[in-house]
Amino acid sequence: MVSVLIFYIIVTTLIYFFSILFFLIGNIVLSEKIENKNFPNISVIIAIKNGIDSIESIVNDLKEQDYNGVAEFILIDDDSIDGTDIYIKNISQTDKKFRCFSSNEGKIELSHKKKALDVGIENAKYEWLLFTDVDCRLKPTWISAMSQYMIDKNDYIVGYSEVKQNDLVSTIFQSIDLFMMMVVSRGSINFKLPLACIGQNQAYRKSLYKKIGGFTKIASHLQGDDSLFMQICIKYKKSSILFAHDEKSFVNARQEKTWLNLFRQRIRWAGDARIMWKFNKLFFVIFLSTFSIHLFFILGIISSIFNTNLLMIMVLLITIKFILEYLLFYIGKEKFNYKTTFLNFIFWFIFHFPYIVLMGVGSFYSNQLGWKNRP
């Protein structure tokens, strides 16, 4: 039994270290250069649940988009109780670029945000669908920059999302953690083995959505409208996926002001990884090895108090981990022009050990979490 455990630890450690090298090389490789001089018609889709505090900002951002093509803005109220539905109806009546719908018009078998998004997609006039969230902030160049990747050979575009840092420790951690997720996403996509994306900034074809049956394969899951959906597209339609590396396309995401809100958000996200083995076994193996190695390090550090030899091994392995992850962080920092300090990275690195274990355990309860006052 002990030998099996040791073998498992060795294998998962090697998988984790090699995955970091994999992401490193993927980020060193130059992303494909795209210069699409056409301006395709685009449907921008935003599902909104109790977004009255943010909706005016996102509406203004959409109005200020500098895009030479045709774009419509589809806003779907997702059972809000704060007046969001009234606000978007008023917007659609005063500005014809905006169209409003309700998630109550959606398919009964779909749950949560996916039901609202499906309503927007079904009512979209155009082939290319572009997505963000009501709590995000957009540059005036967002649509234009994302549109340059909307060429014939591409089906799915993964955009970059960033959380701006402030003085809150939780926000600093959230910012670096999301940044590292984006670096990992870019590295895997550049290797033509896409692993993850984020609903705050992504685009795909309406015809692709139709061909795979929309969200029906993940209808009951709380999340799934981004990374899980992308994996379904790859598995069933071998979609061509590209990472949008143009800085003009980057989106600023919502800052989570408390640790509780951050943990709840990340546990919802982690719920995708728990069932990913059905759609992408490589993703699941990397997820499992990531959880295992961080759990092993925590237990190893505690046990090494009474074992000098184990302490030396732990120090060596953690040093290797730190070097590899800092190299990944540094390369991504240069690629995305991301701003933070070395001390902040050290804080993220240390806190990441218990955080990963907590997220791994919490992923089993992700479907029990509510979302914006929804059970």
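Strands here are DSSP E runs of at least two residues, helices are H or I runs of at least four, and both are numbered from the N terminus. Two strands pair if DSSP finds at least two bridges between them. β5 and β10 (residues 251-252) run antiparallel, joined by 2 bridges. R137 sits opposite N252 in β10.

A word on the source. This is a predicted model: local features need pLDDT of at least 70, side-chain atom pairs count only at pLDDT 80 or more, and totals for chains, interfaces and linings use all residues. Residues are numbered from 1 along each chain as its sequence is written, and side-chain values use heavy atoms, without hydrogens or water.

Now the core. A nonpolar core is a set of buried Ala, Val, Leu, Ile, Met, Phe, Trp, Tyr and Cys residues joined through side-chain atoms within 4.5 Å. Buried means under 20% relative accessible area, with a 1.4 Å probe and protein chains only. The largest one holds 109 residues, and Y156 and Y204 touch the most other members. Helix α6 (residues 169-190) gives the largest share, 9 residues.

Last, the largest cavity. A cavity is a set of points on a 1 Å grid, over the protein atoms alone, where a 1.4 Å probe fits but cannot get out; lining residues have an atom within 4 Å of a point. What lies nearest its centre? M181, V184, F283, F287 and I356, out of 36 lining residues.

How values were computed
Buried means under 20% relative accessible area, exposed over 50%, partly exposed in between (1.4 Å probe, protein chains only). On a 1 Å grid over the protein atoms alone, a cavity is a set of points where a 1.4 Å probe fits but cannot get out, and a pocket is an open set with protein on both sides within 12 Å along at least five of seven lines; lining residues have an atom within 4 Å of a point.
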